Amino acid sequence: MVNCCGLLTAKKGPVPLTSIEVELQVKDHVATVISTLKYKNKEDKPLEAVFVFPLPGDAAVCHFSAQVRHKHIVAEVKEKQKAREKYDNALSSGQQAFLLEESEQSPDIFSMSVGSLPPGRSASIRLEYVTELAVQADDGLRFCLPAVLNPRYQPQGSEGVSVQVTSVPASLVPYSLSFSARVSAPRPVSKVESSSPLEPLQYLNTDQTQATVKLAAGHKFDRDVELLIYYKDAHQPTAVVEAGQASAKPGTLMGDPVVMVSLYPEFPQSVLSSPASCGEFVFLMDRSGSMGCPINNGKQQETRISSARDTLLLLLKSLPMGCYFNIYSFGSRFEHIFPTSAEYSEKTMEDALKKVKQMLDDLGGTEILQPLKHIYSQPCIPKQPRQLFVFTDGEVGNTKEVIDLVRKNSGSHRCFSFGIGEGASSALINGMAKEGGGHAQFITGADRMQPKVMQSLRFALQPAVEDISVTWNLPKKVSATVLSPPITALFQGQRSLIYAQLSGKLSQSSEAAEGCVTVKYSLAGQPSHNQLHFSLTPAEDTGLTVHRLAARTLIRSLESEEGTHRQQKNKAVKGKVVKLSVQSGVSSSFTAFIAVNKDSGESIQGPLLRRNVPTAMFCNALPQSFPGMHPTYGCSSSGPMKKGSVFKFGMKRSAPRAPTMMAYCSVPLPPPPPGCSSPGPMKKGMPAEHLAPKQPPRVPLLQLVSLQKASGCWLLDAALASALGKTSEEVEKSKPGPVNKEVWATILALIWLHAFKMDAKEEWELLATKAASWLRAQNATCGTDCVDAGNALLGCSVQKDALGL
């Protein structure tokens, strides 16, 4: 029998997962996700189905159950090894069992095992998790349902056991996905957008505070499902108090009320309008083979690495004079442009840009740990705060090691991270930014990298917020125990979340009982604070969502301690994590969900066939034109991949299991997509100009930006005239007589940006600010005449004030 989708296992058996249904429930900025996975054994022997899949890195998995025939089996949380033993014992005894466990190396990868499914039988698996929604630059709240899991590169000698991932091109995924979302908030929902096609938004009430939306039929699994939810008046600080679980013991996390506080710091405009003029900016760029893939599904000609080169151009042009900088790039090895960070000048900027133009996706695998160690080993420059920008497609297998390293060095820098393309690890990108006191961004779908990166540069140029403290003002006999890690970073308009357990006697009679939380900090040497008063009356209809998010936060904090202490203390920390995970019903790296159907009434005999259910892989991430396996994918091969060959990753078992027959999915490899072939290693003696990628004609914006000098000015020459769409003669003739040529050129460039590129203002705003500062420093007396003449030449009407003069 041939599977209609063309996907067969090595034993010619069909893949048993038939469909996934996802229901998203959003309340303000918290999401509950309920996934139902339906399995059916179409073979003539019992089987074990194993599905390795991604989840958001900060998700709190809080429910796992199975429906078999008319019986509903709810899983319990147990210490991981005990859960595995219970699962194996159940299979050995002929019972049905279900196991869900989090990867020990990366909290955004889970493995689900459905064991002893008899021939012809079906099973429905329900998985539930809660997560916070991240705030975007345009005030949207981002939810991402990861549908793509690219193979993770496991560096040689790294700690831990690699995860087995069976991946296939998105077009060959044999199961269907349906997705619906219900959004409710105290404020009107203004719109919902997505990188995937949606059905029209349906409002459920007249004030538009509740709405539903569905994913249009025919999702192709070539991208993660991303929703951007926009509320009116989004930047409203809130606090939600949730009552404890009635059956839990008072004084415990689940038995006491928990408050979730959401703050949006507002900084004085005077601070924001004068960005810092110092700092050490270190850019760490991924140049592994997968960076040669298209950055999104719509613009096949633009690859991740080419977009990264354009982004580095904007970054280098936007840096302030007086700072220091360096650019590292990495794959299986790493390179740097300067031996140590260099002072920013016209010469160093041009030297760096020449090297950036030659950057290819030619450094092999994704080994980010070694370049990070090298960067942290460099002494910090006095009075130049270090700002680290990390660009990667996030396909690494040693996520926890990387995050631990960033955490150990958090006192010496801020880390801004960028996940490029579908399938970037949310655990890695969010974890690095969180531990490094920075900000995380994801570039997926039709996103452009440049505006998101420039927003983070603006954050980096904000003065560092220091001496952050949180104080509580609560009624007598009520105290707050903060469960969140200390706040290490605050940025203008970005949310800060605080979870706290409320102990003591909350008044049942007075509905007016209030609490107050104050965040104090020092900004640019000036003391400042944000304060929020909130009702202590527990919210209705939140279930235990806040408690589970708080438990997840505390579990992640404790897990980060494990590994930084000696073995005896590690054992104690692990014990705390297991206890909290079991009590709260929230997953951790040391626990697993286990369910056993003891009452099936039948014993399943015979050896089990093992079926690895594939997850979608961004189709262009498959190895293509090179001998053997590409190092990015952590595999090796004695020869070229053949059509129909098995694609495996990280084949290591983390625990013994009952004997099974192993069968892996075989898929024919598609022909190489455009723009995603690796150029192979550099050859000795090859001139640099032959190594540089062929540059497509620059878009007008980048053409103009590339001509700006480090000081912020432009030169009056033929290249500038061409970028402005004029001849040299036209530009020269229009110049007011006594005006300096560089002043005239710079004013023309600014007018052109404001007149024709306002849609990309986020990308050029910082370099335009630098240009305006340079003009003011020239004490030009003919500013108004120049602006009028420039408007006449370019056919526009930009006001002088708009240019910042």
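Begin by selecting strand β21, residues 280–286, in which 7 of the 7 residues are buried, where buried means under 20% relative accessible area with a 1.4 Å probe and protein chains only. The model is a predicted one, in which local features need pLDDT of at least 70, side-chain atom pairs count only at pLDDT 80 or more, and totals for chains, interfaces and linings use all residues. Residues are numbered from 1 along each chain as its sequence is written, and side-chain values use heavy atoms, with hydrogens and water left out.

In a regular strand the side chains alternate between the two faces of the sheet. Colouring β21 by face puts Glu 280, Val 282, Leu 284 and Asp 286 on one side and Phe 281, Phe 283 and Met 285 on the other, and all of these are buried.

Strand β22 (residues 324–330) runs parallel to β21 and is joined to it by 7 bridges, with Met 285 opposite Ser 329. Strand β25 (residues 386–392) is also parallel to β21, through 6 bridges, and there Val 282 has Leu 388 as its bridge partner.

Then move to Glu 422, in the loop between β26 (413–420) and α7 (426–435), which is buried with a relative accessible area of 2%.

How values were computed. Helices (H or I, at least four residues) and strands (E, at least two) are DSSP runs, numbered from the N terminus. Buried means under 20% relative accessible area, exposed over 50%, partly exposed in between (1.4 Å probe, protein chains only). Two strands pair if DSSP finds at least two bridges between them.
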